[in-house]
Amino acid sequence: MGDVGFLDYDLNGKPATLDADLFPASTRYNIMAYGEYTFEGEANLTPYFEANYSYLRGEFKERGEGQLFPEVPALNPFNLCNPNQPNGIDCGLATDAFLDNPSIAANFAAVYGLTPAQFRDFGIVNLYNGAIGPVATQPVISVRDDRNRTDVEQTQARVVLWCDGGYSALNIGTLDNWTFDAYVSYSLSDGKSSRLVNS
């Protein structure tokens, strides 16, 4: 058995995690303007513009701690899957014992129709490892209150200038009643997201 209980340090379902915002506070602005005007005359020009601006700022608390995935070498003295150290175990044998636990075997059979041992005995698939000796492990580690608050700020601006018209007096052979449509648009987006330590 290990000298540290994982559930004592697991952050899932703990008060720090449950205190998250379901609907986090945010500030939003959306502004839009548009217009057009037709100049009377032979060209029948109609300039048009459209402009919009959007802004968002939000502070999201308790979004879950960042995770680390350190690899622990097989022969590391603190590796729980190193049976050569005092608190280590053979994780192959531990997995086999887990599969043979009556409660686990019954739950497995309820889903798959057979227990893990029956899968092995009938030659379907062998889920058992046997003794495997020291093996490298890769625990998932979260540090409480580490980078669990996110600040987001986004802006977007867009401008469109457009003009259409026609010139009925312009005739080239059988081509007459010319019209045109031209526009220019410009968009700019900017945003930043910071993941900070909860204070």
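Visitor: Which side chain does the side chain of Glu50 join in a polar contact of 3.4 Å?
Guide: That is the side chain of Tyr48. Keep in mind that this is a predicted model.

Visitor: Noted. What does the side chain of Glu50 do with the side chain of Arg158?
Guide: The two side chains make a polar contact, at 2.7 Å.

Visitor: Where is Glu50 found?
Guide: Glu50 sits in strand E2, which covers residues 46-60.

Visitor: Buried or exposed, that Glu50?
Guide: Buried: its relative accessibility is 18%, and the cut-off for buried is under 20%.

Visitor: Leaving aside neighbours within four places in sequence, what is Glu50 in contact with?
Guide: Met32, Ala33 and Tyr34 are in contact with Glu50, and so are Arg158, Val159 and Val160. Arg158 is also the partner in the 2.7 Å polar contact.

Visitor: Switching to cysteines. How many disulfides does the count come to?
Guide: One. Cys81 and Cys91 form a disulfide, with 1.7 Å between their sulfur atoms.

Visitor: Left-handed or right-handed, the link of Cys81 and Cys91?
Guide: Left-handed, with -85 degrees about the S-S bond.

Visitor: Is Cys81 buried or exposed? What about Cys91?
Guide: Cys81 is buried, at 10% relative accessible area. Cys91 counts as buried too, because its relative accessibility is 16%.

Visitor: What about Cys163, buried or partly exposed?
Guide: Partly exposed, with a relative accessible area of 22%. Buried would need a value under 20%.

Visitor: Now the whole chain. How many helices and strands are there?
Guide: The protein chain has five helices and six strands.

Visitor: What order do they run in from the N terminus?
Guide: The order is α-α-β-β-β-α-α-α-β-β-β.

Visitor: And what percentage of the residues is buried?
Guide: Of the 199 residues in the protein chain, 20% are buried.

Visitor: Last one, on contacts between residues at least 6 apart in sequence: what percentage joins residues at least 24 apart?
Guide: For the protein chain, 69% of those contacts do.

Terms used
Residues are numbered from 1 along each chain as its sequence is written. This is a predicted model: local features need pLDDT of at least 70, side-chain atom pairs count only at pLDDT 80 or more; totals for chains, interfaces and linings use all residues. Side-chain values use heavy atoms; hydrogens and water are left out. Helices (H or I, at least four residues) and strands (E, at least two) are DSSP runs, numbered from the N terminus. Buried means under 20% relative accessible area, exposed over 50%, partly exposed in between (1.4 Å probe, protein chains only). Contact means heavy atoms within 4.5 Å. A polar contact is a pair of N or O atoms within 3.5 Å; within protein, one must be able to donate a hydrogen and the other to accept it, and residues adjacent in sequence count only if both atoms are side-chain atoms. A disulfide is a pair of cysteine sulfur atoms within 2.5 Å.
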